[in-house]
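This report concerns confidence, helix geometry and charged side-chain pairs. Please consult the sequence and structure shown here.

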Protein chains: 4
Amino acid sequence: MGKAFDIVLIVSILLSVVAIMLDSVEAIRLQFGHWLWLIEWGFTLLFTLEYGLRLICVRKPWLYARSFYGLVDLLSIIPTYLTLILPGAKYMLVIRILRVLRLFRILKLAEYVGEANVLLKALSNSRHKILVFLYTVLTLVVVFGSTLYVVEGAASGFTSIPKSVYWAIVTLTTVGYGDIAPVTPLGQFIAAAIMIMGYGIIAVPTGIYSAELVRAYTGQEHNEACATCGRNGHDFDAVYCKHCGHALDEQTSGSA
Amino acid sequence: MGKAFDIVLIVSILLSVVAIMLDSVEAIRLQFGHWLWLIEWGFTLLFTLEYGLRLICVRKPWLYARSFYGLVDLLSIIPTYLTLILPGAKYMLVIRILRVLRLFRILKLAEYVGEANVLLKALSNSRHKILVFLYTVLTLVVVFGSTLYVVEGAASGFTSIPKSVYWAIVTLTTVGYGDIAPVTPLGQFIAAAIMIMGYGIIAVPTGIYSAELVRAYTGQEHNEACATCGRNGHDFDAVYCKHCGHALDEQTSGSA
Amino acid sequence: MGKAFDIVLIVSILLSVVAIMLDSVEAIRLQFGHWLWLIEWGFTLLFTLEYGLRLICVRKPWLYARSFYGLVDLLSIIPTYLTLILPGAKYMLVIRILRVLRLFRILKLAEYVGEANVLLKALSNSRHKILVFLYTVLTLVVVFGSTLYVVEGAASGFTSIPKSVYWAIVTLTTVGYGDIAPVTPLGQFIAAAIMIMGYGIIAVPTGIYSAELVRAYTGQEHNEACATCGRNGHDFDAVYCKHCGHALDEQTSGSA
Amino acid sequence: MGKAFDIVLIVSILLSVVAIMLDSVEAIRLQFGHWLWLIEWGFTLLFTLEYGLRLICVRKPWLYARSFYGLVDLLSIIPTYLTLILPGAKYMLVIRILRVLRLFRILKLAEYVGEANVLLKALSNSRHKILVFLYTVLTLVVVFGSTLYVVEGAASGFTSIPKSVYWAIVTLTTVGYGDIAPVTPLGQFIAAAIMIMGYGIIAVPTGIYSAELVRAYTGQEHNEACATCGRNGHDFDAVYCKHCGHALDEQTSGSA
């Protein structure tokens with residue numbers, strides 16, 4: 001019953017997101033605008049009903065309303081109603097696409113939650129290191145962007161430092177649009193240095209995250225020692241100590 | 001004998017794929033079109049013969065015909081015959097290029113299968129995590145694409161949400177064609193955020209897969225089951241079974 | 001007290017860097033140039049005061065003045081004073097943006113230092129391998145760049161070997177501006193080879209750094225030396241010192 | 001003495017490579033062509049002398065002459081002499097840039113060799129897996145390239161299958177020149193799928209190589225068991241068994 005409801009909700013959310021996307025395409029809106037308008041109102045009424053039921057059913061409605069998912073739910077329906085009062089607010093309608101975030105709540109109920117938790121825990125464990133890395137990257141793009149601003153000048157598109165920093169980000173992350181590109185030999189030489197740096201530097205967050213996951217997988221997080229022989233390094237699923245063969249104590253095997 | 005047949009088949013498939021490719025080049029078709037037509041018919045008759053022999057030789061022809069490789073075999077020869085009936089179906093000829101997939105079956109017989117299995121097993125083990133990652137990426141591109149659609153507008157090429165989402169994918173994956181690129185300062189600021197996100201986020205699938213392979217490599221060394229309870233998955237340095245607590249037998253600890 | 005001072009300094013540095021960036025934008029300088037001039041002088045006087053106090057407070061002023069951070073501190077204030085004497089030195093003002101490097105010193109005092117040290121130690125441990133990798137990359141771009149210079153010629157933008165090497169770097173690092181791109185079939189074939197090479201070669205530094213961090217993470221857990229011979233680097237599950245063969249003391253095996 | 005000779009040779013090779021590069025720049029050749037011609041002949045005579053001495057000094061000159069480095073040495077000097085006979089062979093001069101490969105031999109003598117060996121051994125161990133990966137990538141680009149050729153057609157630049165496959169490689173490897181890019185909604189949808197695939201698929205070679213290096217680092221390659229207790233998993237630098245404390249046998253500790 002609850003599962004069927006979830007599936008209906010997932011399909012509704014996906015369909016309404018697709019409808020919003022199609023509605024933004026000029027040619028489709030001109031031809032099928034009326035149908036999309038009907039679909040949108042159908043889903044909005046459905047989601048309004050769901051929102052109302054949630055408010056009634058949960059024990060602390062105010063807590064729900066102020067929670068992240070409560071706000072996403074509200075933002076999913078408000079813009080459609082606002083078009084009745086403010087018909088010109090075309091771009092505000094895009095807010096409705098945040099509905100896509102609602103899927104995360106439903107997926108939370110599913111089997112994927114354990115998988116996502118390992119990923120998030122490893123990310124959380126390495127957040128300090130990732131911040132250090134991010135700060136280094138931002139310093140590099142500021143310094144190199146400014147250098148290119150001086151070396152290349154406005155003629156090649158490096159019209160200001162913020163724009164040059166934007167170019168440095170485009171280059172360091174290996175995106176490389178090509179809308180701005182150095183043309184002087186010196187500029188190209190420095191740009192080549194940034195590229196090789198960006199090419200190699202990606203190893204840092206990847207290494208951090210890989211090492212963190214390897215640690216999580218090999219169960220080094222399970223840091224309780226065997227009560228009999230005092231040694232540790234046991235797997236998450238270990239019931240008996242692999243060194244001395246005695247049972248690991250029950251709290252440990254229960255909580256692991 | 002079987003090996004010689006495999007090599008002939010591999011060379012035939014590769015040659016016919018190259019012929020299809022060359023046939024699509026205007027200048028070459030005009031000059032050597034006749035020869036390519038002869039080669040194509042030669043290989044088609046050869047592959048038809050092979051398909052017929054397979055149908056006769058295998059025990060359950062119907063099962064083979066409906067299998068993945070059976071369909072690929074059929075799709076490799078059908079389009080050429082269809083040109084006799086429907087000479088205008090130029091693009092349908094491209095289906096023949098799926099012949100390249102036939103190589104996978106032949107390679108399955110070779111020594112590479114063990115290697116591929118480790119890769120596929122690690123991929124299969126981490127499929128849940130990769131799906132979580134993929135869903136997060138898709139949510140990010142929908143939200144950021146829609147934001148850029150509002151911020152930049154049609155003037156910079158962000159004419160609709162689907163197109164803006166396409167741009168967000170091009171940017172997040174660090175492909176960066178540059179056919180669509182933000183021009184307003186705010187748009188470039190958000191784009192820079194997506195780039196850094198995409199640059200760092202690649203660490204997630206890489207970390208997942210690396211950790212899974214490290215686990216597979218470590219586990220491969222000690223693939224004998226416990227003689228007492230029959231379960232395996234023991235560490236390299238385990239002396240006692242972690243499941244039942246009995247000593248792992250001496251051959252195992254000696255050979256590991 | 002010291003912490004409050006740090007926060008004030010961090011905010012000052014960030015604000016002054018933003019002011020320098022905005023000052024480089026034509027439209028903003030024309031309208032708010034006077035205010036930015038005032039802000040700049042305010043921060044310059046503040047940083048001058050700080051530099052003076054540091055010179056007075058530290059035991060060896062001359063050592064500080066010649067240190068990396070001492071030079072950065074000096075470069076942060078000198079250019080503004082120089083504009084009084086040399087008003088035309090527009091580009092020299094950009095040197096002030098090196099102020100952003102000053103943040104590293106302040107962050108050194110913070111809790112992030114331990115995290116950064118692990119990252120730097122792993123980088124330092126793998127520096128020889130990274131140099132070997134870097135030298136291989138540089139050889140590849142020189143050889144492939146020269147090849148494309150011969151194959152494509154000046155018509156496609158490959159006007160000289162240095163420019164072709166620049167193109168090879170842009171391609172191998174998967175940046176791909178598209179300002180120079182091969183147009184002949186042979187050139188595109190070789191370019192495709194470089195791309196696949198560059199796509200795969202990124203695995204090398206990432207693998208080096210990941211393996212180094214995995215080692216660092218594992219080693220971190222057991223950082224006590226053998227009581228008998230004083231050497232360390234023991235495995236997580238070691239009972240006896242691998243160097244001298246004496247039992248590692250019990251506190252160690254208990255706490256590890 | 002030998003070290004001084006190596007340094008002179010490294011500097012000579014680097015200088016001559018730089019001279020070849022500069023010689024290809026139109027503006028520089030016109031102005032300094034005469035000097036570059038003198039430098040080139042100087043280095044060519046020096047390298048000829050060195051080549052001659054090597055032929056005389058080594059025990060088996062013919063073996064050296066046919067070895068990889070022997071051929072590189074020959075190719076470094078031949079083209080300059082050929083210009084005396086065939087003055088028009090402008091592009092053949094580029095062969096001289098292969099001199100850059102000579103540096104590898106000299107570096108072989110240096111301390112970096114051990115580092116490079118670990119990297120090469122891990123690469124060699126994972127070569128089968130990398131071939132499987134490469135074959136999968138090539139199949140993907142053939143299938144997707146052909147699909148885009150049908151979907152987009154010649155109007156968007158997808159004029160033939162080889163060109164479309166080239167585009168698919170540019171996209172899958174996240175290079176993204178933008179010289180050819182899909183314009184139809186369906187083409188962009190398929191392109192987005194290739195991009196996400198290419199973004200994720202990079203995890204495979206990186207994971208393979210990381211896992212291989214982790215294995216090499218943690219010494220699982222050292223697969224000899226302790227003669228006393230029969231257990232293994234010892235480090236490369238282990239002298240005593242970490243499990244039972246007895247000395248590992250001398251052959252093992254000697255060869256490790």
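## Buried salt bridges in chain D

E50(D) counts as buried, with a relative accessibility of 8%. Its partner R102(D) is also buried, at 2%, and the two side chains form a salt bridge with an N to O distance of 2.4 Å. This pair connects helix α2 of chain D with helix α5 of chain D across 52 residues.

A salt bridge at 3.1 Å, N to O, pairs E40(D) with R96(D). E40(D) lies in helix α2 (residues 26-57) of chain D and R96(D) in the loop between α4 (68-85) and α5 (102-109), 56 residues apart. E40(D) is buried at 7%, and R96(D) is buried at 5%.

## A network in chain A

Salt bridges with shared partners join E50(A), R54(A), D73(A) and R102(A) into one network. Within it, R102(A) and D73(A) meet at 2.8 Å, N to O. R102(A) is buried at 2% relative accessibility, as is D73(A) at 3%. Over all chains, the structure holds 28 salt bridges.

## Helix α2 of chain B

α2(B) bends by about 85° at F32(B). Its buried residues include G33(B), E40(B), W41(B) and E50(B).

## Confidence

The model is predicted. The predictor gives the complex an ipTM of 0.81 and a pTM of 0.84. Chain A has a mean pLDDT of 82; its confidence is lowest in helix α11 (residues 250-255), at a mean of 38, and highest in helix α8 (residues 161-172), at 94. Where pLDDT is low, the predicted coordinates should not be read in detail.

Key:
Residues are numbered from 1 along each chain as its sequence is written. Chains are lettered from A and ligands numbered from 1 in the order in which they are written. This is a predicted model: local features need pLDDT of at least 70, side-chain atom pairs count only at pLDDT 80 or more; totals for chains, interfaces and linings use all residues. Side-chain values use heavy atoms; hydrogens and water are left out. The bend at a residue is the angle between axes fitted to the seven residues ending there and the seven starting there. Helices (H or I, at least four residues) and strands (E, at least two) are DSSP runs, numbered from the N terminus. Buried means under 20% relative accessible area, exposed over 50%, partly exposed in between (1.4 Å probe, protein chains only). pLDDT is the predictor's confidence in each residue, from 0 to 100. A salt bridge is a side-chain nitrogen of Lys or Arg within 4 Å of a carboxyl oxygen of Asp or Glu.
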